Amino acid sequence: MPPTDRSTSFHSRLVGQYALVTGASQGIGRAVAVRLAQEGATVAINYFQNEDRAEETLALARAASSDRGHGEPDHFTVKADVGNEHEIAAMFEGTLSRWKRLDCLVNNAGFQKESPSEALDVETYRNIIDVNLTGAVLCAQKALAHFVARGGGGSIINCSSVHQIIPKPGYLAYSISKGGMANLTRTLALEFAGRGIRVNAVGPGAIDTPINEAWRDDPKKRGEVTSHIPLGRVGTPEEIAAVFAFLASDDASYITGQTLYACGGLTLFPEFRDNWAS
Ligand code: NAD
């Protein structure tokens with residue numbers, strides 16, 4: 001079972017930080033925005049289409065700040081398609097002109113679509129790569145330009161996946177996008193380490209969010225999913241958000257270029273739990 005009361009594990013590690021979270025209208029992005037606010041950060045909540053859900057995230061972030069004694073930070077929502085370079089540029093211009101600073105970028109936005117690989121149409125392929133990978137690259141460039149211009153410091157945290165290292169048949173573009181995140185994270189980490197900028201990634205396993213609508217509300221399918229997970233359950237968005245908060249904080253001040261897998265053991269080759277190969 002997931003921990004029922006996490007309140008004792010909350011800190012105020014992010015007071016003074018300004019963080020932009022992409023794809024924060026729901027799921028992991030929403031949980032990250034709320035957790036960062038709980039820990040004292042001011043958050044920009046990017047959304048693609050669903051303004052109402054982004055406003056819900058905003059209300060949750062405001063309540064989180066207030067409940068934890070952080071007052072009324074300047075949280076706000078910002079609409080942008082992360083698959084569109086012009087909208088990314090406008091999002092950063094708006095955010096930086098409002099706050100005059102940014103300390104943390106969370107590249108969370110992403111989606112997947114199933115298709116036999118031999119029939120994957122090029123438009124779908126490009127769209128997934130544009131949002132999941134190129135969007136993360138372009139957002140990182142904007143954040144890095146700001147970090148460098150102010151003399152260094154700051155962090156970027158990419159939302160990758162266990163599919164950064166585990167193939168996902170039937171989801172070729174998604175697998176490629178998450179595989180690319182490994183070298184996006186590591187290359188930028190090495191390039192900017194000398195300027196005190198950290199770049200890391202989180203690799204979630206199967207998490208209870210709308211991206212998994214194919215099985216999350218179907219007990220039989222959900223049971224099939226959990227049967228493959230060593231910890232025996234899917235993860236919560238809050239458990240993933242906790243990893244983002246850690247990586248954004250000074251508790252992770254000596255960590256860069258890493259992907260931290262929060263996956264209930266999915267990356268441990270679960271098929272080897274029982275001895276069948278020797
Ligand atoms: P989700 O579908 O609930 O959230 C995805 C978010 O990305 C949504 O808010 C959506 O609006 C946003 N988004 C999609 N296209 C966008 C665009 N063009 N511009 C801006 N935002 C856009 O799913 P989630 O599970 O919360 O996914 C968040 C991230 O976590 C994704 O990168 C996903 O690949 C990754 N992830 C999820 C799981 C899981 O099991 N849930 C596992 C591994 C990795």
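This note sets out numbered points on the fold, the ligand site and the cysteines of the structure.

1. Basis of the values. The model is predicted: local features need pLDDT of at least 70, side-chain atom pairs count only at pLDDT 80 or more, and totals for chains, interfaces and linings use all residues. Residues are numbered from 1 along each chain as its sequence is written, and side-chain values use heavy atoms, with hydrogens and water left out.

2. Secondary structure. The protein has seven helices and seven strands. Helices are DSSP runs of H or I with at least four residues, strands are runs of E with at least two, and both are numbered from the N terminus. In that direction the order of elements is β-α-β-α-β-α-β-α-β-α-β-α-α-β.

3. Overall dimensions. The C-alpha trace spans about 55 × 45 × 40 Å along its principal axes. Of the 278 residues, 50% count as buried, that is, under 20% relative accessible area with a 1.4 Å probe, protein chains only.

4. Ligand shell. The ligand is surrounded by 28 residues, of which the closest are Ile-28, Asp-81, Asn-108, Tyr-174 and Thr-209; a residue is near the ligand if one of its heavy atoms lies within 4 Å of it. By class, the shell has 13 nonpolar, 13 polar and two charged residues. Nonpolar here covers Ala, Val, Leu, Ile, Met, Phe, Trp, Tyr, Cys and Pro, charged covers Asp, Glu, Lys and Arg, and the others, Gly among them, are polar. Helix 1 (27-38) and helix 5 (172-192) each supply at least two shell residues.

5. Atoms facing the ligand. A backbone N or O atom of Ile-28 lies 2.8 Å from a ligand oxygen atom, and a polar backbone atom of Asn-108 is 2.8 Å from a ligand oxygen atom. From the side chain of Lys-178, an N or O atom is 3.0 Å from an oxygen atom of the ligand. The protein covers 92% of the 810 Å² of accessible area that the ligand has on its own, as given by the Shrake-Rupley method with a 1.4 Å probe.

6. Cysteines. The structure holds zero disulfides, a disulfide being a pair of cysteine sulfur atoms within 2.5 Å. For Cys-139, the nearest cysteine sulfur is that of Cys-104, 12 Å away. Cys-139 counts as buried because its relative accessibility is 0%.

How values were computed
A polar contact is a pair of N or O atoms within 3.5 Å; within protein, one must be able to donate a hydrogen and the other to accept it, and residues adjacent in sequence count only if both atoms are side-chain atoms.
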